[in-house]
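Here is a short report on one structure. Keep the sequence and the model at hand while reading.

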Amino acid sequence: MLNRGLRQSLFVLVLALHLIVLSTYTILRYQRSTPTETYPDHILTEADPFAKPLSPGPLPASLIEKSERLLLNQNYKRFNKQQKSADKKYILPRVPCPLLPPNLVGRVTADLFSYEMHEVEEHLANSSIQLGGHWSPPHCTAHYRVAIIIPYRNRDMQLRIFLNFMHPFLQKQQIDYQIYLVEPIEKIKFNRALLFNIGFREALKEYPWQCFIFHDVDLIPEDDRNIYSCPPEPRHMSVSVNTFNYQLPYRGIFGGVSAMTIKQMEAVNGFSNQYFGWGGEDDDMSARVITKYRISRYPASIGRYRMLRHRPDTPNSNRFTFLHLGTGLMNHDGLSNLQYDVVSIDKKKLFTHILVNYNETLIKASVADLVKKKKKPH
Ligand code: BGN
């Protein structure tokens with residue numbers, strides 16, 4: 001025989017168990033419930049390659065409005081159905097990604113270990129990066145289509161560290177992006193600005209990029225709130241770099257990492273093609289930019305970068321000649337007189353490699369008369 005007290009506590013226990021089971025069931029049901037299949041027509045888009053998710057992944061949950069979460073959820077389900085049925089008429093609703101990417105944390109530290117390329121590829125094997133290093137968010141339409149252009153030569157170790165860190169970094173920002181490496185063939189002089197112009201041209205031939213990030217391979221961002229997008233004014237992004245004691249070395253600096261839209265690039269005729277060797281080409285671009293815009297920057301606490309160590313390059317002694325001309329060459333030298341040959345375009349797993357050739361003599365000759373005239377005005 002159970003006494004009264006024991007009977008009462010048993011009753012309370014059974015009641016509590018019931019409550020737990022019931023609430024778990026309700027929560028699960030709510031989470032799984034499919035939003036209604038009738039979907040307002042205006043949200044359905046034509047089959048838009050840029051709205052197409054690549055593959056399903058975990059759904060972002062925190063910091064997203066409930067209504068947005070339902071849309072994302074529905075998109076995810078439709079995507080799976082579409083995969084199974086291969087029904088071309090099944091059009092995914094265009095759902096913009098949340099304005100504030102949900103998983104940003106602020107300060108981030110890169111893994112600077114020098115993994116082999118195949119190890120980096122393995123690390124990133126599950127993140128649905130398309131051949132050529134293109135990624136876009138699987139369940140929503142990114143707000144920005146961004147090409148990352150990297151002038152490159154002989155920096156294999158830095159490249160591996162960069163790729164290993166940058167892919168997850170950009171994916172967390174929910175950007176539709178691709179990484180392009182533009183490399184000159186061996187026997188010609190390195191020309192950072194010319195390689196940027198080439199990257200800009202070539203990238204636009206294959207995808208409607210809106211925004212370009214001109215990026216040195218040795219700079220690794222340290223804060224994921226440093227969103228890789230293009231604001232209304234050209235943005236200098238590497239505001240505070242460890243090698244400069246996290247301070248802007250001078251007001252007009254535009255080197256390291258910078259972001260420009262197509263319109264902004266075209267408005268200043270791109271970069272100058274005349275800077276062979278190290279230095280000055282970014283100052284030239286800065287001078288071009290300020291004729292039409294103001295340089296925008298994130299606060300120093302966000303635009304933070306770590307520079308990977310390397311041997312210093314030899315400065316180009318000619319750079320002062322062109323810098324002294326100010327923006328004198330702007331309308332004649334840049335995208336308008338760009339000449340180069342593409343040797344190969346190689347779609348690697350994590351980036352697109354564009355190997356190029358150009359003729360320094362011809363490029364210099366294209367502005368020689370103008371330089372003479374500007375130096376000695378009549
Ligand atoms: C400057 C270089 C830039 C370089 C920054 C940071 C020149 C032009 C002659 C004054 N400018 O001095 O190209 O990005 O340092 O390293 O050399």
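Which residues does Leu170 touch, not counting residues up to four places away in sequence? Leu170 touches Ile148, Ile175, Tyr177 and Tyr228, where contact means heavy atoms within 4.5 Å.

## Basis

This is a predicted model: local features need pLDDT of at least 70, side-chain atom pairs count only at pLDDT 80 or more, and totals for chains, interfaces and linings use all residues. Residues are numbered from 1 along each chain as its sequence is written, and side-chain values use heavy atoms, with hydrogens and water left out.

## Nonpolar cores

The largest nonpolar core has 41 residues. A nonpolar core is a set of buried Ala, Val, Leu, Ile, Met, Phe, Trp, Tyr and Cys residues joined through side-chain atoms within 4.5 Å. Buried means under 20% relative accessible area; exposed means over 50%, and partly exposed lies in between (1.4 Å probe, protein chains only). Ile148, Leu170, Ile179, Ile213 and Tyr228 touch the most other members of this core.

Two or more residues come from each of β2, α4 (156-172), β3 (176-184), β4, β5 and β8 (257-261). Helices (H or I, at least four residues) and strands (E, at least two) are DSSP runs, numbered from the N terminus. Helix α4 gives the most, with eight residues.

## Helix α4

Helix α4 has 17 residues. From first C-alpha to last, α4 reaches 25 Å, close to the 24 Å expected at 1.5 Å a residue. The expected span is 1.5 Å times one less than the number of residues in the helix. Of the 17 residues, 13 are buried, so α4 is largely enclosed by the rest of the structure.

The helix is bent. At Met166, α4 bends by about 25°; the bend is the angle between axes fitted to the seven residues ending there and the seven starting there. A proline, Pro168, follows within four residues. After α4 comes Gln174, with a positive phi near 55°.

## Disulfides

There are two disulfides, each a pair of cysteine sulfur atoms within 2.5 Å. With bonded cysteines counted along the chain, the pattern is 1-2, 3-4.

Cys97 is joined to Cys140, S to S 2.1 Å. This pair links distant parts of the chain, 43 residues apart. Cys97 sits in the loop between α2 (66-85) and α3 (117-123), and Cys140 in the loop between β1 (134-135) and β2 (145-151). The torsion about the S-S bond of Cys97 and Cys140 is about 85°, so the disulfide is right-handed. Cys97 is buried at 2% relative accessibility, and Cys140 is buried at 6%.

The sulfur atoms of Cys211 and Cys230 are 2.1 Å apart. Cys211 lies in strand β4 (residues 211-215), and Cys230 in the loop between β5 (219-221) and β6 (235-236), 19 residues apart. With a torsion of about 80° about the S-S bond, the disulfide of Cys211 and Cys230 is right-handed. Cys211 is buried at 3% relative accessibility, and Cys230 is buried at 15%.

## An open sheet

Three strands form an open sheet with mixed pairing, in the order β5-β9-β7. Two strands pair if DSSP finds at least two bridges between them. Strands β5 and β7 (240-241) stand at the edges, each with a single partner strand, so one side of each has no neighbour in the sheet.

Strand β5 runs antiparallel to β9 (residues 304-307), and three bridges join them. Pro221 stands opposite Tyr305 in β9.
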